[in-house]
Amino acid sequence: MWNDRTKLLIGENGASKLENSSVAVIGVGGVGGATCELLVRAGLGNITIVDFDLIDETNINRQILANVDTVGKVKVDVLEQMIIKINPKCNINKVNAKLSIDNIDEILGKRHFDYVVDAIDNVTDKIELICFCKEHGIKIVSAMGAGNRVGIPNFKISDIYKTSNDGLARVLRKKLRERQVESLDVVICDSAAQKIDKREHSVGSISYYPIMCGAVLSAYVIENLIK
């Protein structure tokens, strides 16, 4: 079997739990795309992928979905085909849409999820996703910043109210307090982001940072699903 080596580590019971678990990954770019691939390769049996975007040439430096042949294609379409080629038996729920307060109940409210992975960049939509999951008792883990960093990555799991050196986490802490969210597990990097020339509106990125963040996210979810 293709996942025999995984079973050597997590056992038949752990593999069965993964096969019967359902995870939603919201945002399948650099961080979310890597998270999806690693969850599926570990044996996750049911995955919901949500994204509205097309693959751009500037994604090639860091996103597993991006190459010269996929530029211009819908991200969730490309990811769906990649998942099928890894594990054809994986059940895929593909949503080509931008998650927001207007459609979140339609996307997440009518299915059971053992975990939701938040890999959204937009602060407003990120807040709505987190609050929705907290209000509905859905387990969620959120990615913090992976951009404007270089060097050896050092990502860890933390509660958002114990984080530092992350501009996104700082904004979220304030807004989540206002929404009375008491805790949130996040994947955050110990190193501070570099200051980029303010004339540049893009976020600097390098190949391994988003993938490392996705690796920690997927490991965290898998460990919680099989224990």
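Okay, let's start with a contact between two helices: V123, K126, I127, I130 and C131 in helix 5 meet L168, V171, L172, K175 and L176 in helix 6. Sorted by class, this contact of helix 5 with helix 6 has eight nonpolar residues, two charged ones and no polar ones. One thing to keep in mind throughout: what you're looking at is a predicted model.

So how do these two helices sit against each other? Helix 5 covers residues 123–135 and helix 6 covers residues 167–178; they pack at an angle of about 50°, and their axes are 11 Å apart. Angles from 65 to 115 degrees would be roughly perpendicular, and ones under 35 roughly parallel. Helix 5 and helix 6 are therefore oblique to each other. The crossing of the pair is right-handed.

Which strands does helix 5 lie across? They are strand 1 (22–26), strand 4 (115–118) and strand 5 (140–143), and the helix runs at about 165° to strand 5.

We have an open sheet of seven strands here, with mixed pairing, and the order is 3-2-1-4-5-7-6. At the edges stand strand 3 (91–96) and strand 6 (155–159); each has a single partner strand, so one side of each is left without a neighbour in the sheet. From one strand to the next, the twist averages 20°.

Strand 4 pairs with strand 5 in the parallel sense, over three bridges.

Is strand 5 covered on one face or on both faces? On both: I140 and S142 are on one side, V141 and A143 are on the other, and all of them are buried.

Next along is strand 7. Strand 5 and strand 7 run parallel and are joined by three bridges, and here V141 stands opposite D185 in strand 7. Strand 7 is mostly covered as well, with four of its five residues buried.

Strand 6 and strand 7 (residues 185–189) run antiparallel, with five bridges joining them. Two places to look at: I157 stands opposite V187 in strand 7, and F155 stands opposite C189 in strand 7.

Definitions and conventions: Residues are numbered from 1 along each chain as its sequence is written. This is a predicted model: local features need pLDDT of at least 70, side-chain atom pairs count only at pLDDT 80 or more; totals for chains, interfaces and linings use all residues. Side-chain values use heavy atoms; hydrogens and water are left out. Two strands pair if DSSP finds at least two bridges between them. Axes are lines fitted to C-alpha atoms, for helices over the stretch in contact, and angles run from 0 to 180 degrees between N-to-C directions. Contact means heavy atoms within 4.5 Å. Angles under 35 degrees count as roughly parallel, over 145 as roughly antiparallel, 65 to 115 as roughly perpendicular and the rest as oblique. A crossing is left-handed if the near helix is turned anticlockwise from the far one by less than a right angle, and right-handed if clockwise. Ala, Val, Leu, Ile, Met, Phe, Trp, Tyr, Cys and Pro count as nonpolar, Asp, Glu, Lys and Arg as charged, and the others, Gly among them, as polar. Buried means under 20% relative accessible area, exposed over 50%, partly exposed in between (1.4 Å probe, protein chains only).
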